[in-house]
Amino acid sequence: MSDTDSSVAIHPEALRASLATLLGGRVLTVDLVRDEVTVTVSAANYLEVMQVLRDAPQASFEQLIDLCGVDYASYGDGRWEGARFAVVSHLLSVSLNQRVRVRVFCADDDFPVVASVAGLWNSANWYEREAFDLYGIVFEGHDDLRRILTDYGFIGHPFRKDFPLSGHVEMRYDAERQRVVYEPVSIEPREITPRVIREDNYGGLH
């Protein structure tokens, strides 16, 4: 078996060092935690870095296998001081048998925007629509950025940490109007505390 056999994965530290050299000042950090490499990049350099990761021979990440939004509000018991929203992608190189995670923070908490990578990997299309639907992250350059999981009239983004557990509206069928109608939620928000009941001789113990 030759040293260049693609079935042998590169050591995580060697991958971290290789990507740090390849990407240079275009990224914020290249970290290795639990044998997993994470590249953190600014929104301004995100699309360029993703293209390099796909096209550079020593990277060759041909597949985007996952992309999701993250809301860091209340992260770390509220001690988080960075940007609130991020997009996290997982890339796979089949030819080189290596993986990398890429994290990009949105510059504006009130209107989170990053570039779309659907032009680089077709699989990003629905993933980005999902992140837009659930987190309200806008993917600039996406040619069909519509909700994909929630209903047409849905209000808000349900995976945001400040989204109410009961939602904003409820839906029912109105027999008189013969159509579905939306109304304000009738459930009063309340904190549910589980009640623990211990019976005598529970489990046969005396």
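**A walk through the chain, starting at one tyrosine**

Y75 has a relative accessibility of 46%, so Y75 counts as partly exposed. The cut-offs explain the label: buried means under 20%, exposed means over 50%, and partly exposed covers what lies in between. This value, like the others below, was computed from a predicted model.

The chain contains 4 helices and 9 strands. Read from the N terminus, these elements follow the order α-β-β-α-β-α-β-β-β-α-β-β-β. How much of the contact pattern joins residues at least 24 apart? Among contacts between residues at least 6 apart in sequence, the share is 50%. The accessible surface of the chain amounts to about 13400 Å², and carbon and sulfur atoms account for 52% of that surface.

Now back to the aromatic rings. A pair of aromatic rings is described by two values, the distance of the centres and the angle of the planes. The structure holds 7 aromatic pairs. One of them joins Y72 and Y75: the ring centres are 5.1 Å apart and the planes meet at 80°, so this pair is edge-to-face. The reason is that planes over 60 degrees apart fall into that class. Y72 has a relative accessible area of 9%, which means that Y72 is buried.

Y72 has a further ring partner, F105. In this pair the distance is 5.5 Å centre to centre, and the angle between the planes is 45°, which makes the pair tilted. Where do Y72 and F105 lie in the chain? Y72 is in the loop between β3 (63–71) and α3 (75–78), while F105 belongs to strand β5 (residues 98–105), so the pair ties together parts that are 33 residues apart in sequence. Are Y72 and F105 buried or exposed? Both residues are buried. Ring pairs also bring in W80, giving a cluster made of Y72, Y75, W80 and F105.

The next group of contacts is between charged side chains. The structure has 11 salt bridges. One of them joins R16 and E13, with the closest N and O atoms 3.1 Å apart. Both residues sit in helix α1 (residues 12–23), 3 residues apart, which is about one turn of the helix. R16 has a relative accessibility of 22%, so R16 is partly exposed. E13 is also partly exposed, with a relative accessible area of 34%.

A second salt bridge connects R26 and E48, whose side chains meet at 3.3 Å, N to O. R26 lies in the loop between α1 and β1 (29–33), and E48 lies in helix α2 (residues 46–55), so this pair ties together parts that are 22 residues apart in sequence. At 26% relative accessibility, R26 counts as partly exposed. E48 counts as partly exposed too, with a value of 40%.

The last stop is a pair of strands, β8 and β9. How do β8 and β9 pair? The pairing is antiparallel and runs over 6 bridges. Together the two strands form a hairpin with 4 residues between them, and in the turn Q178 has a positive phi of about 55°. Within this pairing, M171 has Y182 in β9 as its bridge partner.

M171 and Y182 also belong to a nonpolar patch on the surface. The patch is formed by M171, Y173, V180 and Y182, with about 430 Å² of accessible area together. The elements that give two or more residues to this patch are β8 (169–174) and β9 (179–184). V180 is in strand β9, and its relative accessibility of 40% makes V180 partly exposed. As a general point, side chains in a regular strand alternate between the two faces of the sheet.

D174 forms a salt bridge with R177, the closest N and O atoms being 3.3 Å apart. Which residues are joined with D174 and R177 into one network? Through salt bridges that share partners, R172 and E183 are part of that network.

How values were computed: Residues numbered from 1 in each chain as written. Predicted model: local features only at pLDDT ≥ 70, side-chain atom pairs only at ≥ 80, totals over all residues. Heavy atoms only, no water. Phe/Tyr/Trp six-rings, centres within 6.5 Å; stacked < 30°, edge-to-face > 60°. Buried < 20%, exposed > 50% of the residue type's maximum accessible area, 1.4 Å probe, protein only. Contact = heavy atoms within 4.5 Å. Areas by Shrake-Rupley, 256 points an atom, 1.4 Å probe, with all protein chains shown as cover. Patch = residues over 30% accessible without salt bridge, like charges linked within 9 Å, V, L, I, M, F, W, Y side chains within 5 Å. Salt bridge = Lys/Arg side-chain N within 4 Å of Asp/Glu carboxyl O. Pairing = 2+ DSSP bridges.
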